[in-house]
Amino acid sequence: MAERRLKHWGWGYEDQQRPHEEVVAASEGIIPMFGFGQAPQRPAPLDQVELRAPRLESPGGIFTDEKHERAVHALGKSYRDVVRGFYGRFDNPPDLVAFPDDEDGVVEALERAAGWGAAVIPFGGGTSVCGGVEPRLGDRPVVSLDMTRMNRLLEVDMTSLAARIQAGARGPELEEQLKAHGLTLRHFPQSFEYATLGGWLATRAGGHFATGETHIDDLTESIRAITPAGEWESRRLPGSGSGPSPDRMLLGSEGILGVVTEAWMRVRRRPDFKATATIEFPPGDASFSEAARGAIRLIAQSRLMPSNLRLIDSSEAATTMAGDDSATLLIIGFESSGQPVDDRMDQAIEIARACGGRPASRIDSTPGDEDSAEGSGSDRWRSAFLMAPYMRDTFVACGIIAETFETAITWDRFEEFHHSVIEATRRAVAEVTGAPAEGEGAPRVSCRLTHVYPDGAAPYFTVLAPAKRGSEVAQWDGIKAAASEAIERGGGTITHHHAVGRDHRPWYDRQRPDQFAAALKAAKSAVDPDGLLNPGVLID
Ligand SMILES: Cc1cc2nc3c(=O)[nH]c(=O)nc-3n(C[C@H](O)[C@H](O)[C@H](O)COP(=O)(O)OP(=O)(O)OC[C@H]3O[C@@H](n4cnc5c(N)ncnc54)[C@H](O)[C@@H]3O)c2cc1C
């Protein structure tokens, strides 16, 4: 059977691309619903795309200069990447792609690249949304180091509940192998289908747990990496106070210090008690009402630790069909392996009710039950969540700007911050699109809180707006710069979980302490003295 190939642009495999007639049919629903969009165009087929000739000669073996692979490894998966891929604009393809099967292959790729004077970009699922994997390196040749052949579960420690997993395992592969042992990592970012463990570690990814063990950091016991200067492996420990943590240094290092090859991860038994509820609040002036914000804050501060706790503004609820635009939705979920969760759910609902929320649905499941949340607001929202990246490809074909950005801020500054970011974004969207600010055909700037902490939250913004064909990248860059400035001015972070890459550098450079930047540069020169790995990401 022929191997499934990833699309050379956009999300998913080639066989998942909707036929053009289906895109046209979808546009007949989408365009009237939004009041903007254009007759869909077809993506540029790869055989009509001209890629710059490789500047390195492939020695064969783990290396290839095959066109489809170079195109797939030329871009990440942000809107600006998807739209460029759609029109066949691959300005910076890697010269070669390497597919190591083991650590020897990683070492070989690093040594050969060093000999060629080439840079190496570690590549997991390529789902980066911040220019983390795009070889934007001018005249320097580039090898994209694809880790996805190193995708096995190597060892399970049932006593400590930990598993040694290779870095190139994508979400479903990793979960499938753990499932055979009755275990799960339960790290479900929206990019789960394609993103890899190594990518999650290198970007400090945020999973679906809205409170508690949100970041992959919390699930990490020890990491092994290959640096140009040699191996880097920490001890397996449940905790350690021995100075700064070697794992914490690799977490979020975005491929600039070493290539993560495997990690011991904290896993858990699969949950069998679950409860999910949807609470409705009146929409507020600036999308969230004070009551809804109060409820989510108090639940986060109650230490009930729901696994899911999300606030979805009325505009986003309508777009994702989780509700109409008459209410802000609070989604609450609890889960446990072995312990009933209904008590904790009762308490969380009580907090929400006391703040003025109206419980709209609740589903509890216990061992042996089928997951019966089907049809509830939370279920509709979850389906839309997983389908969103596929849908974005259709939006791009229909000339619709569709992108998200995210940040985090403490509660004391939340209201003003949220208001100023959403206003700056709306102004920029109106300016670059020329669309009306209100009413029919107005762009949508919506927000949900994806992760919640006792001391603050991570607002996640979605922009849907009419695009000018051919200028989409410039349009989005204008919107994103305005939003990023507002985030920076308001004291937020340029990213809560999407990482820095190349695109967030101007704001990241202003956010981090100068002495920290100097320390990071020194660390890089210790393990990567010739600047082989992912130049331009995080530091110069
Ligand atoms: C539709 C969509 C939804 C998303 N949802 C989420 C979400 O819910 N939560 C979230 O946190 N992020 C999300 N992201 C962002 C992205 O998926 C994450 O950053 C993810 O962790 C990247 O994993 P990856 O394997 O695709 O890494 P890649 O995109 O391949 O690489 C990302 C960075 O990590 C480096 N890297 C990759 N593998 C290694 C390795 N083995 N060793 C060293 N460095 C490496 C790369 O060089 C690059 O700098 C989303 C992206 C998209 C497109």
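This is a predicted model: local features need pLDDT of at least 70, side-chain atom pairs count only at pLDDT 80 or more; totals for chains, interfaces and linings use all residues.
The expected span of a helix is 1.5 Å times one less than its number of residues.

Helix α1 covers residues 20-34, 15 residues in total. From first C-alpha to last, α1 reaches 20 Å, close to the 21 Å expected at 1.5 Å a residue. Even so, α1 has a kink of about 30 degrees, centred on Ser27. After α1 comes Gly35, with a positive phi near 80 degrees.

Now a helix pair. How do α3 and α13 pack, and at what angle? Helix α3, residues 79-86, packs with helix α13, residues 472-489, at about 175 degrees, and their axes are 9 Å apart. Angles over 145 degrees count as roughly antiparallel, so α3 is roughly antiparallel to α13. On the α3 side, the contact is made by Tyr79, Arg80, Val83 and Arg84. Glu472, Val473 and Trp476 make the contact on the α13 side. By class, that contact has four nonpolar and three charged residues, and no polar ones.

Last, the whole protein. Its secondary structure comes to 15 helices and 19 strands. Along the principal axes, the C-alpha atoms fill a box of roughly 65 × 55 × 55 Å.

Methods:
Residues are numbered from 1 along each chain as its sequence is written. Axes are lines fitted to C-alpha atoms, for helices over the stretch in contact, and angles run from 0 to 180 degrees between N-to-C directions. Helices (H or I, at least four residues) and strands (E, at least two) are DSSP runs, numbered from the N terminus. Angles under 35 degrees count as roughly parallel, over 145 as roughly antiparallel, 65 to 115 as roughly perpendicular and the rest as oblique. Two residues are in contact if their C-beta atoms, placed from the backbone, lie within 7 Å. Ala, Val, Leu, Ile, Met, Phe, Trp, Tyr, Cys and Pro count as nonpolar, Asp, Glu, Lys and Arg as charged, and the others, Gly among them, as polar. The bend at a residue is the angle between axes fitted to the seven residues ending there and the seven starting there.
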